[in-house]
4 protein chains.
Amino acid sequence: MIITDAIKQIRQQVADLHAELPRNELVVWTAGNVSARVPGADLLVIKPSGVRYDEITADNMVVTDLEGTLVDGELSPSSDTAAHAYVYKHMPHVGGVVHTHSTYATAWSARGEAIPCVLTMIADEFGGEIPVGPFALIGDDSIGRGIVETLQGHRSPAVLMRNHGVFTIGASAKAAVKAAVLCEDVARTVHISRQLGEPVRIAQADVDALYDRYQHAYGQESTR
Amino acid sequence: MIITDAIKQIRQQVADLHAELPRNELVVWTAGNVSARVPGADLLVIKPSGVRYDEITADNMVVTDLEGTLVDGELSPSSDTAAHAYVYKHMPHVGGVVHTHSTYATAWSARGEAIPCVLTMIADEFGGEIPVGPFALIGDDSIGRGIVETLQGHRSPAVLMRNHGVFTIGASAKAAVKAAVLCEDVARTVHISRQLGEPVRIAQADVDALYDRYQHAYGQESTR
Amino acid sequence: MIITDAIKQIRQQVADLHAELPRNELVVWTAGNVSARVPGADLLVIKPSGVRYDEITADNMVVTDLEGTLVDGELSPSSDTAAHAYVYKHMPHVGGVVHTHSTYATAWSARGEAIPCVLTMIADEFGGEIPVGPFALIGDDSIGRGIVETLQGHRSPAVLMRNHGVFTIGASAKAAVKAAVLCEDVARTVHISRQLGEPVRIAQADVDALYDRYQHAYGQESTR
Amino acid sequence: MIITDAIKQIRQQVADLHAELPRNELVVWTAGNVSARVPGADLLVIKPSGVRYDEITADNMVVTDLEGTLVDGELSPSSDTAAHAYVYKHMPHVGGVVHTHSTYATAWSARGEAIPCVLTMIADEFGGEIPVGPFALIGDDSIGRGIVETLQGHRSPAVLMRNHGVFTIGASAKAAVKAAVLCEDVARTVHISRQLGEPVRIAQADVDALYDRYQHAYGQESTR
């Protein structure tokens with residue numbers, strides 16, 4: 001009963017957060033998805049497969065277990081569900097996962113190249129470079145494994161999956177969406193900077209100082 | 001009588017789908033057009049020539065035969081009608097055709113260069129590289145011939161017509177619009193990736209696996 | 001009296017056409033302007049100086065003579081008025097003038113480089129390359145002279161004024177706006193194409209055939 | 001009492017001006033901020049930390065002294081407040097300050113490279129090149145010092161803070177927002193121009209003539 005109410009609320013949150021993806025120009029057509037863990041249950045809420053962003057509602061979000069099997073909902077879950085489920089199963093501190101093919105981040109991923117830490121915003125949010133994950137086929141848990149292997153023990157909440165796109169994680173689905181938005185923003189800025197020369201690296205001690213301050217002092221205390 | 005009702009409905013669909021072109025930033029001014037085949041008749045529905053996107057309605061869409069000759073409607077058909085008609089005449093499985101001058105796809109076409117398959121999204125939707133078609137003058141059926149010669153027997157639903165723009169085909173007009181949206185998206189991402197180095201190719205076996213899965217497992221069963 | 005009514009109508013047209021500039025992302029802040037000739041009088045209607053696009057109304061458009069001197073209106077005319085006035089005075093077939101600093105066209109102008117004719121859309125609308133005009137200071141008639149010297153006897157309705165921006169002309173203000181929109185679109189596409197290699201030129205005979213067809217056969221007969 | 005009324009009005013102005021940052025695509029998520037000096041008091045009005053742009057109201061803007069200490073408001077001030085406060089304390093003619101990570105300007109800053117004066121718009125608004133300020137950690141007054149040291153005695157109202165983003169100043173908050181909008185616009189145009197060659201410099205005498213005219217003759221006399 002408590003779970004039922006929680007799920008209702010999470011369906012709404014996940015539906016609302018999907019609106020951030022087109023608003024921030026991270027997706028086209030039906031690509032991309034946001035999921036959230038159902039706290040206290042081995043369940044997640046995610047977008048159904050092939051549904052347009054302007055058709056997303058709390059009601060058509062679907063619930064699966066941590067194998068990606070449909071538990072509640074009318075439609076088939078996103079074809080990326082296995083990847084999301086694998087992350088929740090193996091990273092217990094993760095409360096939200098986002099996947100996009102956002103243009104600039106995906107462009108770095110197609111070259112298999114990490115985004116270097118040359119902006120204070122990268123130090124703040126990602127704590128260093130944004131890493132590249134392995135190439136993996138879609139559908140089984142090989143994408144999930146690639147995400148977990150790359151992000152486990154890494155400061156960055158974002159991974160550039162080779163030739164594919166971006167996955168981001170967060171304590172909440174909102175935090176994962178924020179990471180997806182900032183990942184594309186810095187991917188674009190560093191790309192453009194490098195087109196006309198080499199951006200200056202930030203010294204490691206400064207990266208550490210920026211990361212530490214941002215994790216503890218940014219935002220309002222209650223919303224951090 | 002049945003045809004009349006079908007045409008009424010298709011006029012509405014074609015008018016609605018035109019809104020996707022500016023929404024996805026594929027067109028400027030009056031450029032670009034969507035058409036749909038009228039099932040069971042040698043007819044198509046298409047945008048009239050030189051009409052602005054915010055003036056498009058089901059009522060001002062026009063109906064032509066498969067020579068491009070006006071059959072029903074107040075206005076002159078798009079100057080690209082002959083190309084659309086030629087495709088319907090020679091590719092019976094095609095139910096919809098879209099033409100745009102979308103920026104990145106057209107930029108590849110101006111160099112006469114195919115878009116290489118370096119993203120899982122390209123493997124999914126296009127099944128390999130997106131090919132280039134010949135240079136052709138506008139107005140007669142030379143563009144139509146170029147499209148059919150290039151796409152006949154090719155997995156890709158999109159062709160980059162040299163120095164001109166993109167034509168996409170689909171089982172329905174909606175599928176052709178989707179192909180046009182994804183074509184520009186991958187044209188942009190691969191362009192940006194290549195600006196700073198060489199994107200990694202996806203192995204042919206992986207391209208085949210991705211294409212096969214996407215054609216059979218993506219989306220909801222009823223809408224595939 | 002007839003002139004008064006005509007001016008009222010032209011103020012409205014000019015105010016409405018200004019909305020196309022931000023809609024097509026050709027301007028920021030208060031930059032850019034559209035003007036129209038008042039037929040049968042040595043007068044023009046233009047935007048006042050320093051007014052934001054969301055504050056533009058038919059009522060605050062201003063009327064000047066062909067020296068750029070204010071004849072009717074509450075506000076000071078655009079600081080580009082002298083350039084517009086000079087064009088109307090020396091090119092009697094021109095009914096509308098547009099000025100923008102649109103990004104890609106201005107980028108070509110900063111290098112003093114013409115946009116080559118490598119797209120059918122350039123052949124259609126501009127009849128060949130889009131030429132560069134001289135560097136000129138703002139305020140007196142030196143910009144106007146540069147525009148007229150460059151476009152006189154040229155097919156192109158657009159000129160890239162060096163280190164400055166674009167001026168376009170047309171039989172009507174709407175036609176000049178169309179030329180400004182298409183100029184930026186092709187400036188962007190050709191720029192992007194050239195970033196990864198050399199676009200293929202279109203043969204002169206094909207440019208001529210495309211230009212001739214487009215000037216006579218595109219659009220609806222009444223609106224051409 | 002008079003101060004209280006003034007602050008109420010300034011809170012509204014500052015809230016309204018924040019809407020220009022996303023409208024002009026200068027910011028993502030909660031990044032960026034606008035502040036205004038409270039005339040006749042050692043106070044400033046600024047955005048709170050970590051608040052989304054669509055949640056900004058006059059009521060949640062905060063008031064601090066010129067050390068950045070909260071004087072009035074429910075929320076914690078922006079983490080950039082110390083930098084704004086330092087500028088007001090050391091540059092008495094400054095009435096408004098804006099900070100963004102706008103893409104192209106930040107890309108120049110990551111290379112530590114000034115934007116050269118190759119457009120009449122740069123000469124008009126910035127009076128010459130847009131300079132680079134030092135690298136500085138966030139939180140204390142080192143950013144403020146870097147801004148003041150760079151802009152003191154410089155024509156430019158904008159500084160590119162290395163590896164970080166842009167700060168702009170103005171006689172009013174609106175003037176500082178205008179400088180932020182134009183800075184990104186010219187950063188983008190010059191970047192794009194340089195991608196395919198070297199833009200032509202404008203002679204110093206012409207830069208001076210353009211700057212002088214624009215500072216005295218542009219806009220309506222009352223709003224200059």
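This is a predicted model: local features need pLDDT of at least 70, side-chain atom pairs count only at pLDDT 80 or more; totals for chains, interfaces and linings use all residues.

I then turned to the helix itself. Helix α6 of chain B spans residues 142-151, and because eight of its 10 residues are buried, I noted it as largely enclosed by the rest of the structure. The buried residues I listed are B:S142, B:I143, B:G144, B:G146, B:I147, B:V148, B:T150 and B:L151. When I checked what covers them, I found that the cover includes α3 (81-90) of chain B, together with the strands β6 (132-133), β7 (158-161) and β8 (165-170) of that chain.

My next entry concerns chain D and chain A. I recorded 28 residues from chain D and 31 residues from chain A in the contact, and a buried area of about 2,800 Å² between the two chains, 60% of it on carbon and sulfur atoms.

For specific pairs, I found a count of one salt bridge between chain D and chain A: D:R52 pairs with A:E20, and their closest N and O atoms are 3.3 Å apart. I also noted nine residue pairs in polar contact between these chains, with both residues at pLDDT 80 or more.

On the side of chain D that touches chain A, the elements giving two or more residues are α4 (103-111) and α7 (173-195) of chain D, and α4(D) provides the largest share, six residues. Sorting that side by class, I wrote down 11 nonpolar, 12 polar and five charged residues.

Technical notes: Residues are numbered from 1 along each chain as its sequence is written. Chains are lettered from A and ligands numbered from 1 in the order in which they are written. Side-chain values use heavy atoms; hydrogens and water are left out. Contact means heavy atoms within 4.5 Å. Buried area is the accessible area (1.4 Å probe) that two parts lose on being put together, summed over both. A salt bridge is a side-chain nitrogen of Lys or Arg within 4 Å of a carboxyl oxygen of Asp or Glu. A polar contact is a pair of N or O atoms within 3.5 Å; within protein, one must be able to donate a hydrogen and the other to accept it, and residues adjacent in sequence count only if both atoms are side-chain atoms. Helices (H or I, at least four residues) and strands (E, at least two) are DSSP runs, numbered from the N terminus. Ala, Val, Leu, Ile, Met, Phe, Trp, Tyr, Cys and Pro count as nonpolar, Asp, Glu, Lys and Arg as charged, and the others, Gly among them, as polar. Buried means under 20% relative accessible area, exposed over 50%, partly exposed in between (1.4 Å probe, protein chains only).
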